[in-house]
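Q: I am new to this structure. Please take one part and walk me through it closely, starting from what lies around it.

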Amino acid sequence: MKILLTGGAGFIGSHIAEALLEANYEVIIVDNLITGNEKNIPSGAKFYNRDICLSIDDIFVLEKPDYVIHQAAQVSVGKSLESPIDDAQINILATINLLDACVKYKIKKFIFASTAAVYGNPLYLPIDESHPTQPISFYGLSKCTSELYIKLYSELFALPYTILRYANVYGPRQNANGEAGVIAIFAEKIINAKTLRIFGDGLQTRDFIFVKDVAKANVAALKRENNEIVNISTNVQTSLLTLFFEFKSIMKNNSLLPVFCDPKFGDINNSLLSNDKAKNLLHWRPIHNISMGLKETILYYKNTIKHNG
Ligand SMILES: NC(=O)c1ccc[n+]([C@@H]2O[C@H](COP(=O)([O-])OP(=O)(O)OC[C@H]3O[C@@H](n4cnc5c(N)ncnc54)[C@H](O)[C@@H]3O)[C@@H](O)[C@H]2O)c1
């Protein structure tokens with residue numbers, strides 16, 4: 001079976017490529033390397049350096065993929081607020097481009113990387129899939145809009161899909177520059193002995209899911225129930241202070257102290273996503289707790305930083 005994977009040179013996509021190869025799928029990656037890196041692509045995957053905002057019908061004709069896993073996106077909330085048009089171009093219009101190709105070339109199933117950002121400020125915790133979607137950023141809105149397009153394409157043209165709404169994903173290969181996840185930023189600062197800043201009191205919580213667990217969920221979604229929206233999360237809340245103490249203990253650094261700064265405007269206090277549906281429907285569960293995931297992540301950053309001098 002052949003999978004066309006967009007965004008496979010990126011953080012999450014490259015782990016999905018590895019998990020697919022491990023499960024003996026053929027992997028075709030389409031990525032324009034705007035935030036991805038060719039070094040992330042596993043050797044068994046075939047790579048096309050292409051922009052999915054333009055037609056990639058020729059790749060569908062040539063490769064005849066069975067499934068499409070769509071990870072490529074504009075992933076920065078900040079950039080979406082600065083330039084909603086660019087965000088919509090990649091996150092909505094390019095998704096429509098792909099959906100058209102999927103219908104035309106009779107793809108068996110479309111798997112989509114969505115996000116907890118579609119929920120906006122939580123009305124209750126843990127957030128389950130029937131929680132209202134009230135995005136508070138253009139990024140959340142563009143993902144939410146794509147979800148609606150996917151559902152309508154499915155209704156109109158019988159294209160099976162699974163939409164996976166990821167919680168906060170972390171792990172090796174996450175880009176620590178720019179607007180990265182807090183774990184990538186903490187790891188880079190601590191390893192380089194730079195000041196570690198916590199915005200607010202550090203008691204705000206997130207649901208941190210290890211990237212290899214997210215990759216496995218994508219593989220599981222290929223063959224499980226169609227036309228469902230599923231949270232991919234741990235259903236465990238971790239505060240930034242807990243994260244900090246975990247880092248301190250793994251690094252065996254007793255002198256490490258954070259600097260507390262004013263809270264960031266618009267930051268959600270607490271986030272927690274139910275994963276009951278994922279467990280029941282995908283027969284999937286996360287296997288890495290925060291301590292296991294952090295150890296693997298820190299090791300990666302230590303090696304990368306040592307390697308790059
Ligand atoms: N990282 C998280 O915590 C998180 C949480 C929820 C959802 N997601 C979603 O998961 C997916 C993967 O995110 P990531 O964190 O790995 O980001 P990433 O930036 O590492 O990966 C995105 C990949 O898409 C590629 N890409 C972007 N625009 C493209 C275009 N026009 N044509 C071809 N390729 C293009 C990039 O080069 C990159 O390799 C995204 O859809 C994102 O919205 C991520």
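A: Start at the ligand. Helix 1 (11–22), helix 4 (84–104), strand 5 (109–115) and strand 7 (168–170) each give at least two residues to the shell around the ligand. Helices (H or I, at least four residues) and strands (E, at least two) are DSSP runs, numbered from the N terminus. This is a predicted model: local features need pLDDT of at least 70, side-chain atom pairs count only at pLDDT 80 or more, and totals for chains, interfaces and linings use all residues. Residues are numbered from 1 along each chain as its sequence is written.

Helix 1 supplies the largest share of the shell, 3 residues. Of the 28 residues around the ligand, G7, G10, F11, G36 and A73 come nearest. A residue is near if its C-beta atom, placed from the backbone, lies within 6 Å of the molecule or strand. By class, the shell has 15 nonpolar, 11 polar and 2 charged residues. Here Ala, Val, Leu, Ile, Met, Phe, Trp, Tyr, Cys and Pro count as nonpolar, Asp, Glu, Lys and Arg as charged, and the others, Gly among them, as polar.

Now follow strand 5 to its partner. Strand 5 runs parallel to strand 6, joined by 6 bridges. F110 stands opposite Y161 of strand 6. Two strands pair if DSSP finds at least two bridges between them. Strand 5, helix 5 (residues 138–157) and strand 6 form a right-handed β-α-β unit. Right-handed means that, with the strands pointing away from the viewer, the path from the first strand over the helix to the second runs clockwise.

Look closely at strand 6 (residues 161–166). It is mostly covered, with 6 of its 6 residues buried. Buried means that 20 or more other C-beta atoms lie within 10 Å of the residue's own, with C-beta atoms placed from the backbone. In a regular strand, side chains alternate between the two faces of the sheet. In strand 6, Y161, I163 and R165 are buried on one side, and T162, L164 and Y166 on the other.

Strand 6 also has another partner. It runs parallel to strand 11 (residues 228–232), with 5 bridges between them. T162 has E228 of strand 11 as its bridge partner.

How values were computed: A residue is buried if 20 or more other C-beta atoms lie within 10 Å of its own, exposed if 12 or fewer, and partly exposed in between; C-beta atoms are placed from the backbone.
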